[in-house]
Amino acid sequence: MDKNVDELEKWGFPLVELYRMALQFYKQNSGKALHLSYEDNLKLIAFKQQQQCGPFDPKTAPELGVLDVIGKDRRMHWQMLGDISREQAMEGFIDLLDTMCSAFRPYVEAVRKNRDETLKEELKRMEKEKQEKERKEREQQELLEEGYKEEMQRRQLQDALNKQTYQQFK
């Protein structure tokens with residue numbers, strides 16, 4: 001089995017969800033809690049481009065200006081990725097972010113823990129609702145049975161009274 005697949009399974013999230021979290025973490029923390037070198041930023045952006053657009057194709061890529069040095073650097077890093085798949089690009093983005101930023105893995109673990117707690121609470125809530133529904137159904141059944149017994153007693157009493165008064169009316 002592939003090392004990246006094992007690692008992503010260990011993190012407890014599907015690849016696409018983990019990639020979305022990594023991208024969100026990068027966007028929110030870039031320049032704030034996350035200070036990466038120019039080269040590392042270029043690598044992350046190249047992985048992001050590869051995931052979004054697939055391998056670099058000079059025919060479909062927009063034209064760059066003469067003075068667009070950053071655009072040229074980004075394009076060069078994107079070209080260096082070659083023909084890797086979108087999944088490999090997501091894995092590369094996640095792995096590089098994890099390597100470059102020590103706060104990313106604790107962030108993912110906190111999100112997973114929060115998700116697990118939310119799921120547990122939801123399961124408890126659903127179990128309580130189920131128990132409450134069963135309790136109400138039992139109470140309703142008991143009321144129906146009680147009403148049936150009362151109706152039977154009333155009919156028996158009415159039949160007995162009718163038998164007594166029948167002779168009198170006759």
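**Salt bridges, core and aromatic pairs of a predicted model**

Glutamate 151 and arginine 154 join their side chains in a salt bridge, at 2.6 Å from N to O. A salt bridge here is a side-chain nitrogen of Lys or Arg within 4 Å of a carboxyl oxygen of Asp or Glu. The model is predicted: local features need pLDDT of at least 70 and side-chain atom pairs count only at pLDDT 80 or more, while totals for chains, interfaces and linings use all residues. Residues are numbered from 1 along each chain as its sequence is written, and side-chain values use heavy atoms, with hydrogens and water left out.

Glutamate 151 and arginine 154 are 3 residues apart in helix α6, which means that about one helical turn separates them. Helices are DSSP runs (H or I, at least four residues) numbered from the N terminus, and strands are runs of E of at least two. An α-helix has 3.6 residues a turn, so residues three or four places apart point the same way. Glutamate 151 is partly exposed, at 28% relative accessibility. Arginine 154 is also partly exposed, with a relative accessible area of 43%. Buried means under 20% relative accessible area, exposed means over 50%, and partly exposed lies in between (1.4 Å probe, protein chains only). Salt bridges with shared partners also join Glu122, Arg125 and Glu129 into one network.

By this rule, 8 salt bridges are counted. One of them links the side chains of arginine 105 and aspartate 98, at 2.8 Å from N to O. Arginine 105 is partly exposed, with 24% relative accessibility. Aspartate 98 is buried, at 17%. Arginine 115 and aspartate 116 form another salt bridge, at 3.4 Å from N to O. Arginine 115 is partly exposed at 29% relative accessibility, and aspartate 116 is partly exposed at 30%.

The largest nonpolar core has 29 residues. Such a core is a set of buried Ala, Val, Leu, Ile, Met, Phe, Trp, Tyr and Cys residues joined through side-chain atoms within 4.5 Å. Tyr26, Phe93, Ile94, Leu97 and Phe104 touch the most other members. At least two core residues come from each of α2 (15-29), α3 (38-53), α5 (86-100) and α6 (104-169). The largest share, 8 residues, is supplied by α2. In soluble globular proteins, nonpolar side chains tend to be buried together.

Phenylalanine 93 shows how these elements meet. Its contacts (heavy atoms within 4.5 Å), leaving aside neighbours within four places in sequence, are Tyr19, Ala22, Leu23, Tyr26, Leu44, Phe47 and Lys48.

The whole structure contains 4 aromatic pairs. Rings of Phe, Tyr and Trp (its six-membered ring) pair if their centres lie within 6.5 Å; planes under 30 degrees apart count as stacked, over 60 as edge-to-face and the rest as tilted. Phenylalanine 25 and tyrosine 107 form a tilted pair, 5.0 Å centre to centre with 40° between the planes. Phenylalanine 25 lies in α2 and tyrosine 107 in α6, so the pair ties together parts that are 82 residues apart in sequence. Phenylalanine 25 is buried, with a relative accessible area of 6%. Tyrosine 107 is partly exposed, at 23%. Tyrosine 26 and phenylalanine 93 pair edge-to-face, with centres 5.9 Å apart and 85° between the planes. This pair links distant parts of the chain: tyrosine 26 belongs to α2 and phenylalanine 93 to α5, 67 residues apart. Both tyrosine 26 and phenylalanine 93 are buried. Ring pairs link Tyr19, Tyr26 and Phe93 into a cluster.

Helix α4 (residues 69-80) has 12 residues. At 1.5 Å a residue, α4 should span 16 Å, and its end C-alpha atoms are 17 Å apart, which agrees. The expected span is 1.5 Å times one less than the number of residues. Gly71, His77 and Trp78 are the buried residues of α4. Seen down the axis, these buried residues fall within an arc of 130°, so they line one face of the helix. The arc is that of the directions from the helix axis to the C-beta atoms. Val69 and Met80 are exposed on the other side of α4. The cover over the buried residues of α4 includes α3. Glycine 82 follows α4 and has a positive phi, near 70°.

Methionine 126 lies in helix α6. This methionine is partly exposed, with a relative accessible area of 44%. Methionine 126 and glutamine 51 are 75 residues apart in sequence and 38 Å apart in space, C-alpha to C-alpha.
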